[in-house]
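Good morning, and thank you for coming.

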Amino acid sequence: MLNNSSNFLHPANASSTHSTKAQDLPFEILQWRLSEDCTVRIQFNGSVTQEAIKKLIAILELNTDVYPTKQLLKEHDKGRSEFDRNHNIADVK
């Protein structure tokens, strides 16, 4: 388990919790705010190595295309707003 003095995993906007489970396996939870409306939480169970971090980064990079881009979300939200206005969705209760 990494100790609190390891700053490379704890940037200024990260929060961290250290504890142990019933089986005495160390675990660590890191949480960051990525944007105004998005946070991420990572929980490590057991001893974390640099190799494990690199593998996690690779897995995340492989899965980025599953999620929309900022531009696509903006276009979707704009389209939804126009649809709501055109169909008086806001007035329905």
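I shall speak about the elements, the hairpin, the core and the pocket.

This is a predicted model, in which local features need pLDDT of at least 70 and side-chain atom pairs count only at pLDDT 80 or more, while totals for chains, interfaces and linings use all residues. Residues are numbered from 1 along each chain as its sequence is written, and side-chain values use heavy atoms, leaving out hydrogens and water.

The chain holds 2 helices and 3 strands, in the order β-β-β-α-α from the N terminus. Here helices (H or I, at least four residues) and strands (E, at least two) are DSSP runs, numbered from the N terminus.

Consider the hairpin. Strands β2 (residues 26-35) and β3 (residues 38-45) form it with 2 residues between them. Their pairing is antiparallel, over 8 bridges; strands pair if DSSP finds at least two bridges between them. Phenylalanine 27 stands opposite asparagine 45 in β3.

Which residues make up the largest nonpolar core? They are Leu30, Trp32, Phe44, Val48 and Ile53. Such a core is a set of buried Ala, Val, Leu, Ile, Met, Phe, Trp, Tyr and Cys residues joined through side-chain atoms within 4.5 Å, where buried means under 20% relative accessible area (1.4 Å probe, protein chains only). Of the 93 residues of the chain, 15% count as buried.

Finally, β2, β3 and α2 (70-86) each supply at least two residues to the lining of the largest pocket.

Definitions and conventions
Buried < 20%, exposed > 50% of the residue type's maximum accessible area, 1.4 Å probe, protein only.
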